[in-house]
Amino acid sequence: MSKRHNNSIEHDDVNHPRWYTDVPFTCSCGKTVEPLTISQHLSFSLGSVIKYCVRAGVKHEADNGVQDLEKARYYIDTEIKLRKRQLKERDNG
């Protein structure tokens, strides 16, 4: 089921879910910028951080977004470990 979003974005649970389209990111032209548009230019981990932070409290309202924030923290920690490993490999290589 899809509906017209106030910024001309149709959303549905697969292609444009409410928890990504009902966000406060609006460009100067007035169009909503979806987290996917931002996160696709980042690593998987950092993109996941953006998506989970943006939807915190929107998709899972019952827990006030705690689960999404914990997932964001997981991906931040994952990115930190990756970068530390890369530094170590660079310094030892």
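The model is predicted, and local features need pLDDT of at least 70, side-chain atom pairs count only at pLDDT 80 or more, while totals for chains, interfaces and linings use all residues. Residues are numbered from 1 along each chain as its sequence is written, and side-chain values use heavy atoms, with hydrogens and water left out.

**Overall fold**

The protein chain has four helices and two strands. Here helices (H or I, at least four residues) and strands (E, at least two) are DSSP runs, numbered from the N terminus. Along the sequence, these elements follow the pattern β-β-α-α-α-α. Of the 93 residues in the protein chain, 28% are buried. A residue is called buried under 20% relative accessible area, exposed over 50%, and partly exposed in between, with a 1.4 Å probe and protein chains only.

The protein chain exposes about 6,700 Å², and carbon and sulfur atoms supply 53% of that area. Accessible areas come from the Shrake-Rupley method with a 1.4 Å probe; for residues, only the protein chains shown count as cover. Contact means heavy atoms within 4.5 Å. Among contacts in the protein chain between residues at least 6 apart in sequence, 27% join residues at least 24 apart.

Helix α3 covers residues 44–55, and its 12 residues should span 16 Å at 1.5 Å a residue. The expected span is 1.5 Å times one less than the number of residues in the helix. The end C-alpha atoms of α3 are 17 Å apart, which agrees with that expectation. Within α3, the buried residues are Ser45, Gly47, Ser48, Val49, Tyr52, Val54 and Arg55. Lys51 also lies in helix α3, but this residue is partly exposed at 23% relative accessibility. The C-alpha atoms of Lys51 and Ile38 are separated by 9.0 Å, although the two residues are 13 residues apart along the chain.

After α3 comes Gly57, whose phi is positive, near 85°. Asn64 lies in the loop between α3 and α4. Most residues other than glycine have a negative phi, and most peptide bonds are trans. Asn64 has a positive phi near 60° and is a residue other than glycine. At 64% relative accessibility, Asn64 counts as exposed.

**Salt bridges**

Side chains of opposite charge can pair when their charged atoms come close. A salt bridge is a side-chain nitrogen of Lys or Arg within 4 Å of a carboxyl oxygen of Asp or Glu. The structure holds three salt bridges, and the table lists them.

| Salt bridge | Distance, N to O |
|---|---|
| Arg55 and Asp68 | 3.1 Å |
| Arg83 and Glu79 | 2.7 Å |
| Arg90 and Asp91 | 3.5 Å |

The side chains of Arg55 and Asp68 meet in a salt bridge. This pair links distant parts of the chain, with Arg55 in helix α3 and Asp68 in helix α4 (residues 66–92), 13 residues apart. Both Arg55 and Asp68 are buried.

Arg83 and Glu79 are about one helical turn from each other, because they are four residues apart in helix α4. Arg83 is partly exposed at 46% relative accessibility, whereas Glu79 is buried at 6%. Leaving aside neighbours within four places in sequence, Glu79 is in contact with Ser43, Ser45 and Leu46.

In the pair of Arg90 and Asp91, Arg90 is exposed at 59% relative accessibility, and Asp91 is exposed at 58%.

**Surface patch and cysteines**

Phe25, Ile38 and Leu42 form a nonpolar patch on the surface, with about 220 Å² of accessible area together. Patches are made of residues with over 30% relative accessible area and no salt bridge; like charges are joined within 9 Å, and nonpolar side chains (Val, Leu, Ile, Met, Phe, Trp, Tyr) within 5 Å. Ile38 is found in helix α2 (residues 35–39) and is partly exposed, with a relative accessible area of 34%.

A disulfide is a covalent bond between the sulfur atoms of two cysteines. By the rule of a pair of cysteine sulfur atoms within 2.5 Å, the count comes to zero disulfides. Cys29 is exposed, with a relative accessible area of 56%, and Cys53 is partly exposed at 39% relative accessibility.
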